[in-house]
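Subject: Structure handover

Dear colleague,

I am passing on the structure below, and the notes that follow it set out what was found. Please read them alongside the coordinates.

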Amino acid sequence: MKTIQEINQKIKNGDAVVVTADEMTSIVAQNGAQKAAEEIDVVTTGTFGAMCSSGAFLNFGHSDPPIKMTKTFLNGVEAYSGLASVDAYLGATQPSQNPEIGLHYGGAHVIEDLIRGKEVELIADAYGTDCYPLKRVETSITLDKINQATMVNPRNCYQNYAVAINSTDETLYTYMGTLLPKFGNVTYSSAGTLSPLINDPYFNTIGMGTKIFLGGAEGYIISEGTQHATENERRNGVPVSASGTLMLQGDMKKMNPEYIRGATMPKYGPTLYVGAGIPIPILNEEVATRTAISDEEIICKIIDYGVPRRSRPVIRETNYKELKTGKIEIDGIEVPTSPLSSYKRSKMVAVELKEWIEKGDFLLTNPVRPLSSKGNIVKPLEISKPLVMVKDIESKPVIMAYSGEKINDVAKKLVDNNINHLPVVDNDGKLKGIVTSWDIADGVAKGKSKLDELMTRKVIIAREDESVDIIARRIDKNNISGLPIVDKENIVKGMITAEDISRLIGENLKDENGGESI
């Protein structure tokens, strides 16, 4: 057994042996955990990835005359001002209020700009009081001009995470990046063997008050992060899905922009890339064994993000050794993989933290209390007002066309039934395409005679167990006016149109207003 006090004395004397987590994997493989525990004092970890649940508390100082800020904007990004008069919390994912900029700039970018020493425009409004009479201020700030800029991240450093894939026929834009249709790519977000909480999976050495590397400066673990979970399935001691999290704190004025970067996930929104590293004191053989885990031993699950539900289906299991090869096999097909986190910069974090310790510039701390290692389950949000599902909408008898039909016959169906869309099916009722009144008009103008010459084969669909809200967004996103409803066997069950959804919204508003028309 070693103690943190003994290790700190060795650091002060310049005698501590410090290695990075990936180096520890090789050392234990060659020499065994017992010898490694005797020889190694500290293992440094590192991660550099998108951590959306991040932000900063800012204190701007009092103006003359003073103001009690109620609406605060930094470079056009709103910061929460429901605190004291000149305090605000800037969330990383808050997008710009400027519609021309939109999702391309947000709170994360403001945070990076401040750390880089750039001027940031500050506009604040207030309602005015006797002691805070000013109602508006427009000025500029820098990190040096404001009193405090404390990064407080409610949820960072996930202990393992999902791997994402998309089974649908359309491209999805998510917090896991852009997911191509029909299993076109796989994305993942973990540094694997370097990842901090994977190297201490039961939090034996990590707790409240542990000093860490955060954004190129010293930071601290405040507590467990939000959505901290401990009861998930484990392999080799490590959870196979998103589990433990950390709430972190650090001084932005001391941070390095190399380790704090604002970014935007296309068509999803802003996020903050955070560099974080935790030193693991090798107190005994068990800790040495845990820090020796390899990428191959870290199991994770490939999740289908094409299913817009809280619980998504698992496509298969994999590990970080396989993911880092750049390809993976799914149903006999080779699918490219790509990381959303930077392994190179994660290693930079671990190496720089190692150098700080070796120079005696960074001592370890005893946690005030350990992190919770059991009994934590993430509760879902229960929606009190039930969602309207596609299957709940009053359905009309489905009218279909068959791929071999003549255009004139299909046109007659559209006119006779006063509709604009027809799903095209085979003899078993399975969806093959869709045709609209515009397609018919275009086909006639071009002298086409058969339906299969002009129908759209790549069809955006609705499923019976999806909510109408999701379908409404899908219609808007793809700039279409209707979708065929299909079951699990791809058999057409009906059509849902923008007109159906508008009618449903109108009926709901009428119900909420006691039967009065809107």
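Where is the place of Asp487? Asp487 sits in the loop between strand S33 (482-486) and strand S34 (492-497), strands being DSSP runs of E of at least two residues and helices runs of H or I of at least four, both numbered from the N terminus.

This is a predicted model, in which local features need pLDDT of at least 70 and side-chain atom pairs count only at pLDDT 80 or more, while totals for chains, interfaces and linings use all residues. Residues are numbered from 1 along each chain as its sequence is written, and side-chain values use heavy atoms, with hydrogens and water left out.

Asp487 counts as buried at 15% relative accessibility, where buried means under 20% relative accessible area, exposed over 50% and partly exposed in between (1.4 Å probe, protein chains only). Leaving aside neighbours within four places in sequence, Asp487 is in contact (heavy atoms within 4.5 Å) with Arg463, Glu464 and Lys493.

Ser195, in the loop between strand S14 (186-188) and strand S15 (207-208), is also buried, with a relative accessible area of 4%. Apart from residues up to four places away in sequence, Ser195 touches Thr45, Gly46, Tyr158 and Ser190.

Best regards
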